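Me: I would like to learn how to read a protein model step by step. Could you take me through it, giving the general idea and then the case at hand?

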Amino acid sequence: MVLPNQLTVLRIILSPIFLFFFLSGNPLFKQISIGIFIIAALTDWYDGWLARKFNYITNWGKFWDPLADKILTSAAFIGFVVLGVLPPWMVIIILLRDFIITILRAYADYKGASFPTSNYAKWKTFIQMAFLYYLLVIYTAINTPPVFNGNEKIFAILMDGNFIYYTMFFITVITFHSGVTYIIKNHHLILRLFRYET
């Protein structure tokens, strides 16, 4: 197995480890979880760079690399649902959309078809990741007494319930809409792909 694929496997393995540390009641473990998440996210950038630079592109990697990304972000979203920070129904919509589109794109790549990623989808992913990093940092800070004590009012503003809810609602809407748009735009290619399979 080439190095980019090993990094993909590492990202999948780190996802439940991150979730375990993040959901721990130990403030130190929560701090460690951010490091795990960042390391896992960096493997995504590095394995992609290696694959392109040294042509380490395999069908296995085409399928599992994007799926590993969604497993990592899903772990973070699920963690915030468990902690009561994010509404479950929004996270379910996001996870269903992302996994359906990711598996569809990975299967198409595996079959030699091309589903180009739109700028809209790239911005959607960027906004998702930025929001997750924001929540991870702020929530961990709140659960770190030396940082939180004395700054309660600031953190109350940063984690305001309405702000979190409507930001997540916006992300849910654009995630769902980008998925629908993606399928409509590529429906001829999708139909052709499955006609070929049958």
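Me: Which residues of the largest nonpolar core touch the most other members?

Reply: A nonpolar core is a set of buried Ala, Val, Leu, Ile, Met, Phe, Trp, Tyr and Cys residues joined through side-chain atoms within 4.5 Å, and buried means under 20% relative accessible area, with exposed over 50% and partly exposed in between (1.4 Å probe, protein chains only). Here the largest nonpolar core has 34 residues, and F18, F77, F80, V85, L86, L135 and M168 touch the most other members. At least two residues of this core come from each of α1 (3-22), α2 (27-54), α3 (59-82), α4 (88-110), α5 (119-142) and α8 (161-185), and α5 gives the largest share, 8 residues. A second, separate core has 9 residues, including I101, F115, L189 and I190.

Me: What should I keep in mind about the kind of model and the numbering?

Reply: This is a predicted model, in which local features need pLDDT of at least 70 and side-chain atom pairs count only at pLDDT 80 or more, while totals for chains, interfaces and linings use all residues. Residues are numbered from 1 along each chain as its sequence is written, and side-chain values use heavy atoms, with hydrogens and water left out.

Me: How many helices and strands does the protein have?

Reply: Helices (H or I, at least four residues) and strands (E, at least two) are DSSP runs, numbered from the N terminus. In this protein there are 9 helices and 0 strands, so that the pattern along the sequence reads α-α-α-α-α-α-α-α-α.

Me: How do I read the overall size of the protein?

Reply: The radius of gyration is taken over C-alpha atoms, and the globule rule is 2.2 Å times the number of residues to the power 0.38. For 198 residues a compact globule would have a radius of gyration near 16 Å, and the 18 Å of the protein agrees with this. Along the principal axes, the C-alpha atoms fill a box of roughly 60 × 35 × 25 Å, and buried residues make up 42% of the 198 residues.

Me: Which residues is M168 in contact with, leaving aside its neighbours within four places in sequence?

Reply: Contact means heavy atoms within 4.5 Å. With those neighbours left aside, M168 is in contact with F77, L86, P87, M90, V91, I94 and F131. For the protein as a whole, among contacts with a separation of 6 or more, 79% are between residues 24 or more positions apart.

Me: Is I94 buried or exposed?

Reply: The relative accessibility of I94 is 0%, and therefore I94 counts as buried. This residue lies in helix α4, where I94 touches F77, Q128, M168, I171, T172 and T175, not counting residues up to four places away in sequence. From I94 to Q128 there are 34 residues in sequence and 9.7 Å in space, C-alpha to C-alpha.

Me: Why does T102 count as buried?

Reply: T102 counts as buried because its relative accessibility is 7%. T102 also lies in helix α4, and, not counting residues up to four places away in sequence, T102 touches P66, L67 and K70.

Me: Where is S118, and how does its accessibility read?

Reply: S118 is in the loop between α4 and α5, and S118 counts as partly exposed at 27% relative accessibility. S118 and Y182 are 64 residues apart in sequence, yet 8.2 Å apart in space, C-alpha to C-alpha.

Me: Where is the place of H177?

Reply: H177 is in helix α8, and with a relative accessible area of 42% H177 is partly exposed. H177 and Y120 are 57 residues apart in sequence and 9.9 Å apart in space, C-alpha to C-alpha.
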